[in-house]
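Colleague: Hi! Could you walk me through this one, with the cut-offs spelled out as we go?

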Amino acid sequence: MATTSKYVCVIGAGPAGLVATRELRKEGHHVVTAEQSHDVGGQWLYDPNVGGEDPLGWSRFLKVHSSVYASLRLATPRETLGFSDFPFVVKEGRDTRRFPGHRELLWYLKDFCDWFGLTEMIKFNTRVEYVGMSDSDKVGGDLKWVVSSRDLKSEKVAEEVFDAVVVATGQYSHPRLPFIKGMEQWKRKQMHSHIYRDPHPFHNEVVVVVGNSVSGRDISMELANVAKEIHLSAKSLDISEGLSKVISKHHNLYLHPQIESLHGDGRVVFVDGSWVMADTIIYCTGYSYSFPFLDTKGIVTVDDNRVGPLYEHTFPPSLAPSLSFVGIPRKIISLPFFESQAIWIAQLLSGRKTLPSFHDMMQSIEEFYQSSDAAGIPKHHTHNIANFEYCDKYGENVGYPHLEEWRKELFLSGSVRARVNLETFRDSWDDYELLQAALLSPHFTQSLQRPSPDYTL
């Protein structure tokens, strides 16, 4: 069938932006990818220089994009993460662990970029500051978009008109903060984990860590070796066996319920009436979706971390397919899902695929919201998928292969081990048969990259 080539701007050269760039070019589109950093990687491009950043992330445009801390290791095994035709293999001289450090994933993304020749389409040190409709009377595929960007080296501002824009700016940069009485008046150090890099600045301090998800647990364990006391504040005291073991092991790590209030003298009062005098509070409370550059005349909004309305977490019905988002969903095996999103977007823009009608898309979104409400799912968890069946069904829109059983089981086995042995699950594992099934699968044996001969059981 005849297809159409569009002039497309991709915003961001992290995992979502890179695979979008590849798939759009593969479909015959002319692609320009704007990346504000000096290199690819997005969240995985570690940045130790956080001194100039607002510690609570209240700036409209943040100076630091990455929230990665120095010691961060992947929480899922590398075998599960690769794109469909580019497995995340072990390479000689690099981090060979199954749960490698963050730099190894950056190197994987750089390999992906080099292998597919994507660098030539990326404008580095380019921050997009405005995206808006060139003619707001048009809708959907007939729209064109004005994109204004700033060269961060020369400070020159450029403006271009595109047929379509793909937003792939990530989801772990703009801090999401709780509202705590006295928070704005508290005079001691407060920061979001977005700018946490290593434990040394907290030597001999009393630190309150708010939130016991992945970063809260990691940072608390790391601080236990240098801080005087760590007080971990959690929404629920019903914690996993793994976290319970960690708290039992460290004499200076304490568990508390949520914070009731903060006081000028340094007191942190918890809802059970207990309190501590703290030097620092670190908020490990997650991230908010933020698109400060995007002007859709109120069509797309972020309401309590729900980006909407979005059909299948990707397309705003009245603006699609000329505007789309890659990388919104959470609690998924991310890279394969981003790839399926990118393929669908590329084929919609070329005319190879079509979306349902505006009415049908809006009805689908409303039904999804209603079912989430009925299930008691908070609005700010709208994009938490946690469902392999949904990912497979999504991929069927473009014939993307279902997730392999070994990939699903390896992903789940890592999660199970983490709940039981939080400190050791990355290095002590018993899923040898699943690993063998993965390495002997077509994903590894028939792919562009092959595992190292040393990567055997």
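Colleague: Let's start with arginine 352: what does it count as, given its relative accessibility?

Modeller: Buried means under 20% relative accessible area and exposed over 50%, with partly exposed in between (1.4 Å probe, protein chains only). Arginine 352 has 38% relative accessibility, so it counts as partly exposed.

Colleague: Before we go on, what kind of model is this?

Modeller: Residues are numbered from 1 along each chain as its sequence is written, and side-chain values use heavy atoms, with hydrogens and water left out. Local features need pLDDT of at least 70, side-chain atom pairs count only at pLDDT 80 or more, and totals for chains, interfaces and linings use all residues, since the model is predicted.

Colleague: Thanks! Which residue does the side chain of arginine 352 meet in a salt bridge?

Modeller: The term stands for a side-chain nitrogen of Lys or Arg within 4 Å of a carboxyl oxygen of Asp or Glu. Side chains of opposite charge can pair when their charged atoms come close. For arginine 352 the N to O distance is 2.7 Å, and the partner is glutamate 27.

Colleague: How many residues apart in sequence are the parts that this pair of arginine 352 and glutamate 27 ties together?

Modeller: Helices (H or I, at least four residues) and strands (E, at least two) are DSSP runs, numbered from the N terminus. Glutamate 27 is buried, with a relative accessible area of 14%. Arginine 352 sits in the loop between α5 (334-350) and α6 (358-374) and glutamate 27 in the loop between α1 (15-26) and β2, so the parts they tie together are apart in sequence by 325 residues.

Colleague: Which residue forms a salt bridge with lysine 91?

Modeller: Look for an N to O distance of 3.2 Å between side chains. The pair links distant parts of the chain, 20 residues apart, with lysine 91 in the loop between β2 and α2 and its partner in helix α2. Lysine 91 counts as partly exposed at 26% relative accessibility, while the partner is the buried aspartate 111.

Colleague: How many salt bridges does the structure hold?

Modeller: Some are joined up: Arg22, Glu23, Lys26, Asp85 and Glu339 are linked in a network of salt bridges. For the structure, the count is 31.

Colleague: What about cysteines: how many disulfides are there?

Modeller: A disulfide is a pair of cysteine sulfur atoms within 2.5 Å, and this rule gives a count of 0. Cysteine 9 is in none, as the nearest cysteine sulfur is that of cysteine 113, 16 Å away. Cysteine 9 and cysteine 113 are both buried at 2% relative accessible area. So the number of disulfides by this rule is 0.

Colleague: Which residues does arginine 306 touch, not counting those up to four places away in sequence?

Modeller: Arginine 306 belongs to strand β20 (residues 306-308) and is buried, with a relative accessible area of 11%. Taking contact as heavy atoms within 4.5 Å, it touches Thr301, Tyr369, Asp373, Lys379, Thr382 and His383.

Colleague: And threonine 76, leaving aside neighbours within four places in sequence: which residues is it in contact with?

Modeller: Threonine 76 is found in the loop between β2 (30-34) and α2 (102-115). Threonine 76 is buried at 16% relative accessible area, and its contacts are Leu81, Arg98, Phe99 and Phe411.

Colleague: Last topic, the second largest pocket: what is its volume?

Modeller: On a 1 Å grid over the protein atoms alone, a pocket is an open set of points where a 1.4 Å probe fits, with protein on both sides within 12 Å along at least five of seven lines. Grid points are joined across faces, edges and corners, and a volume is the space filled by probe spheres set on the points. For the second largest pocket that comes to about 510 Å³.

Colleague: Which element gives the most to the lining of the second largest pocket?

Modeller: Lining residues have an atom within 4 Å of a point. There are 22 of them, the closest to the centre being Glu312, His313, Ser364, Phe368 and Tyr390. The elements giving two or more residues are α6 and α7 (388-395), and the most, with 5 residues, comes from α6.
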